[in-house]
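Take your time and keep the structure in view as you go.

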Number of protein chains: 2
Amino acid sequence: MLKTLTRAAALSALLLATAAHAGPPSEGSGTAWDITAGLTTEIGQRLAGSDREAAARDWAVVRLKALGFDNVRIEPFTFDGWVRGPESASLTAPYPHKLAIAALGYSAPTPKGGINAPLVYFPTLDALKAAPDGSLNGKIAFIDHAMRAAQDGAGYGPYGAARRQGPSIAAAKGAAGVVIRSIGTDWQRNPHTGATSWSKDVTAIPAGAVSNPDADLIARIAKGGKPMILALQLEGKPVPKLPSGNVIAELPGRDPSLPPILVACHLDSWDLGTGAFDDAAGCGIITEAALAAQKEGKALRTIRVLWAGAEEVGVFGGAAYAEAHKNEPHGLAMESDFGADKVWRVQFDFGPGNAALADRIAASLAPIGVVRAGGKANGGADVGAIAKAQKLAVVDLSQDGTRYFDLHHTSDDTLDKVDPAQLAQNVEAWRRVLAIVANEPGPLSGN
Amino acid sequence: MLKTLTRAAALSALLLATAAHAGPPSEGSGTAWDITAGLTTEIGQRLAGSDREAAARDWAVVRLKALGFDNVRIEPFTFDGWVRGPESASLTAPYPHKLAIAALGYSAPTPKGGINAPLVYFPTLDALKAAPDGSLNGKIAFIDHAMRAAQDGAGYGPYGAARRQGPSIAAAKGAAGVVIRSIGTDWQRNPHTGATSWSKDVTAIPAGAVSNPDADLIARIAKGGKPMILALQLEGKPVPKLPSGNVIAELPGRDPSLPPILVACHLDSWDLGTGAFDDAAGCGIITEAALAAQKEGKALRTIRVLWAGAEEVGVFGGAAYAEAHKNEPHGLAMESDFGADKVWRVQFDFGPGNAALADRIAASLAPIGVVRAGGKANGGADVGAIAKAQKLAVVDLSQDGTRYFDLHHTSDDTLDKVDPAQLAQNVEAWRRVLAIVANEPGPLSGN
């Protein structure tokens with residue numbers, strides 16, 4: 001009954017949402033919106049290593065120069081990447097069903113045309129782990145899970161393991177392929193892609209994710225007990241030494257001797273959507289906020305904007321940045337890479353000497369509804385390496401992630417999902433933080 | 001500002017909905033649920049004329065007999081149908097974008113591999129109508145519109161014209177192809193298919209629908225004014241004389257001399273989803289309600305259940321039924337084909353002699369929140385022909401259609417969208433009506 005009531009409540013809310021969102025999407029304005037709309041319209045998908053990611057870098061250079069940034073440049077690097085190929089999946093027994101599937105990044109390719117094999121259902125990653133070695137020889141493993149939406153995205157860690165580690169575990173047990181329930185909280189027929197990683201001791205196998213409704217179908221059929229056969233075609237494959245690069249631009253501060261404030265987003269996207277939420281909006285937010293923090297004149301410190309390359313496939317841009325700039329001191333690091341819904345929380349990784357600064361930042365954010373929380377800021381993927389190497393001060397502005405994993409890595413990550421009002425709230429929160437930290441004369445450090 | 005606030009309200013509602021619906025879908029129970037789950041799981045898509053529609057008929061016969069129905073049979077017919085083929089669409093200029101597209105039913109095929117042609121944007125069907133003859137020679141027309149969601153599905157009539165008539169109008173003006181904004185109210189990357197029809201004086205051309213986010217993208221690019229080129233592959237094609245059939249089953253009444261009560265749904269579905277909302281749920285609702293109306297013993301009149309074939313592609317089952325049964329008197333007709341959300345309204349087409357009967361039905365429905373409305377019941381597609389030919393009494397139980405056109409004819413029409421609680425409310429509303437009309441001894445007639 002609780003379940004039924006919950007579903008009914010969900011539907012009521014959905015009706016409201018549907019009624020209101022139908023029709024042409026809202027048009028935003030301002031630099032954050034223009035960057036988000038421009039990247040998703042004029043560039044579109046920007047898979048790491050692709051010519052579209054390269055086009056995005058060129059687009060970024062032109063745009064950042066036009067916005068008045070200095071020292072705008074591309075810092076190129078190469079990385080071992082992955083390209084998507086033809087892909088499809090169909091149950092052929094006990095009932096014929098075409099499934100909505102997407103290969104995971106770094107999936108091995110099936111032979112041309114695909115494979116046919118029994119599909120073995122595992123309700124959880126732990127159930128797969130418990131399967132005897134060799135028991136999956138010649139079979140395809142299906143990994144189910146029960147991720148729920150959460151404001152802080154809490155499910156991504158534990159449930160995301162099905163994508164990050166599940167394929168490797170299935171391969172170790174001899175599986176010919178692996179399919180997971182998408183790491184996502186929506187009920188659309190749009191699978192969620194994302195990178196998997198392979199243990200050193202296994203040979204990569206074809207690995208894909210089906211949409212949640214398709215996973216529901218597989219779970220229902222598995223419950224009935226009739227053997228399942230899957231026809232699986234995933235022709236995407238790894239490709240070594242692809243080109244990528246970080247785009248860097250600066251708003252020089254009044255005192256060049258002070259280490260800069262580093263603010264990051266990532267420029268690449270997965271290839272199924274146009275990467276509006278992930279992460280064109282992040283680039284828009286940090287860039288408009290950096291400009292806005294200087295509205296009343298140059299800040300004391302330089303604000304350096306990093307639009308990182310090749311994040312989705314393994315944070316290669318963040319690693320390249322940390323390596324290239326390892327001998328250069330930094331003042332503080334921040335990142336925006338969790339959509340464009342409202343900022344609701346601020347967290348810090350500040351050393352004892354910066355306690356008063358944290359208080360000032362929190363006080364500045366309180367009037368716009370951002371709460372200060374305990375726990376340590378982690379900085380995010382792209383600034384993670386440099387922040388760790390230099391023990392940087394870090395501020396995290398957490399966006400509401402309740403619907404983030406509805407859209408994450410799917411074809412549905414498009415501009416219409418970005419709410420101009422919430423995007424503007426993000427910019428304002430970032431502006432408040434940057435206006436303070438970029439004018440801080442004293443030393444900055446993390447723990 | 002209003003727009004922005006509306007979007008913000010929509011997002012708030014969506015957050016609630018998302019948080020609640022995430023995770024495994026609710027499991028229902030009872031005959032209506034079992035039929036809906038069974039058809040969508042064991043059969044899946046049931047495109048008219050396909051072997052899956054044939055499998056659905058056989059499944060229906062077994063199931064209806066097992067439920068205790070009499071005179072269970074298939075009444076076969078043939079019709080000129082359509083089959084889907086490989087399909088894809090990409091903008092190649094001014095920016096490369098892969099689009100989410102589905103061919104419309106009765107689209108002509110492109111040559112293998114597709115065509116490349118300029119894409120011409122029309123904001124409305126009227127704008128296309130105003131284009132000079134011949135102005136679209138060698139071009140692909142794009143038809144936009146601004147359909148909104150509505151409880152009674154009001155937008156489907158006017159905006160649906162873009163799908164039903166738009167392709168024919170574009171063909172008359174010389175277009176090499178036509179693409180429309182999906183007739184739908186969602187913001188998913190899932191196009192809405194559906195049949196188009198061709199005027200006698202035009203040659204059919206390739207015709208497809210892109211998803212709403214893709215249409216937004218096209219509209220944005222069109223606004224920028226740079227010429228668009230579309231690579232369009234739609235290899236689906238018409239096929240003559242496909243097999244279909246109506247499944248008919250009866251609960252015989254105590255007085256075989258009284259004309260039967262006819263209750264209908266359609267068994268076929270579009271091929272992109274599994275046809276849960278459209279219309280497995282309708283078959284579930286009418287069937288459980290018919291059985292439930294007899295719980296206290298046989299009704300006076302026979303209740304005849306019609307699971308019609310080949311509705312989506314042109315209501316061929318309804319026409320075949322009307323022809324096959326034209327000499328047989330009927331008492332009253334009803335149909336369920338608008339999803340599975342709650343019944344909120346009842347309307348009648350009753351002759352003057354049945355006014356008191358309408359009052360009794362309305363009084364029986366009022367306690368479960370179904371309001372009586374003016375206007376004339378139309379009976380729906382599959383009973384339309386027989387109801388018109390015999391001037392039958394008709395009762396319409398209107399389902400809430402606010403989200404119906406989010407799902408309609410898309411890959412998202414799957415079992416998880418059916419809310420067990422609302423499905424049960426449908427059954428109860430139908431049971432109340434059938435318990436009254438199937439026990440009505442007096443003559444029944446429409447206007």
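**Exercise 1. Where does the charged end of Arg164(A) sit?**

Step 1. The charged end of Arg164(A) sits over the ring of Tyr156(A), 5.2 Å from the ring centre. A charge counts as over a ring if NZ of Lys or CZ of Arg is within 6 Å of the ring centre and within 35 degrees of the ring normal.

Step 2. Turn to chain B: Arg164(B) lies over the face of Tyr156(B), at 5.3 Å from the ring centre.

Before you continue, two notes on the model. It is predicted, so local features need pLDDT of at least 70 and side-chain atom pairs count only at pLDDT 80 or more, while totals for chains, interfaces and linings use all residues. Residues are numbered from 1 along each chain as its sequence is written, chains are lettered from A and ligands numbered from 1 in the order in which they are written, and side-chain values use heavy atoms, leaving out hydrogens and water.

**Exercise 2. Find the cluster of rings that includes Tyr156(A), and describe the pair of Phe338(A) and Tyr404(A).**

Step 1. Ring pairs link Tyr156(A), Phe277(A), Phe338(A), Tyr404(A) and Phe405(A) into a cluster. Rings of Phe, Tyr and Trp (its six-membered ring) pair if their centres lie within 6.5 Å; planes under 30 degrees apart count as stacked, over 60 as edge-to-face and the rest as tilted.

Step 2. Over all chains, the structure holds 18 aromatic pairs. In one of them, Phe338(A) and Tyr404(A) have ring centres 4.3 Å apart and planes at 40 degrees, so this pair is tilted.

Step 3. The pair links distant parts of the chain, 66 residues apart: Phe338(A) is in the loop between β13 (332-335) and β14 (343-349) of chain A, and Tyr404(A) is in helix α12 (residues 404-407) of chain A. Helices (H or I, at least four residues) and strands (E, at least two) are DSSP runs, numbered from the N terminus.

Step 4. Tyr404(A) is buried, with a relative accessible area of 4%. Buried means under 20% relative accessible area, exposed over 50%, and partly exposed in between (1.4 Å probe, protein chains only).

**Exercise 3. Is Ile140(A) buried or exposed, and what does Ile140(A) touch?**

Step 1. Locate Ile140(A) in strand β6 (residues 140-143) of chain A.

Step 2. Its relative accessibility is 0%, so Ile140(A) counts as buried.

Step 3. Ile140(A) and Ile115(A) are 25 residues apart in sequence, and their C-alpha atoms are 9.6 Å apart in space.

**Exercise 4. In which order do the eight strands of the open sheet in chain B come?**

Step 1. The order is β3-β2-β9-β5-β6-β7-β8-β4, with mixed pairing. Two strands pair if DSSP finds at least two bridges between them.

Step 2. β3 (97-99) and β4 (101-103) of chain B each have a single partner strand, so one side of each is left without a neighbour in the sheet.

Step 3. Five bridges join β5 (residues 115-122) to β9 (residues 228-234) of chain B, and these strands run antiparallel. Pro118(B) has Ile229(B) as its bridge partner in β9(B).
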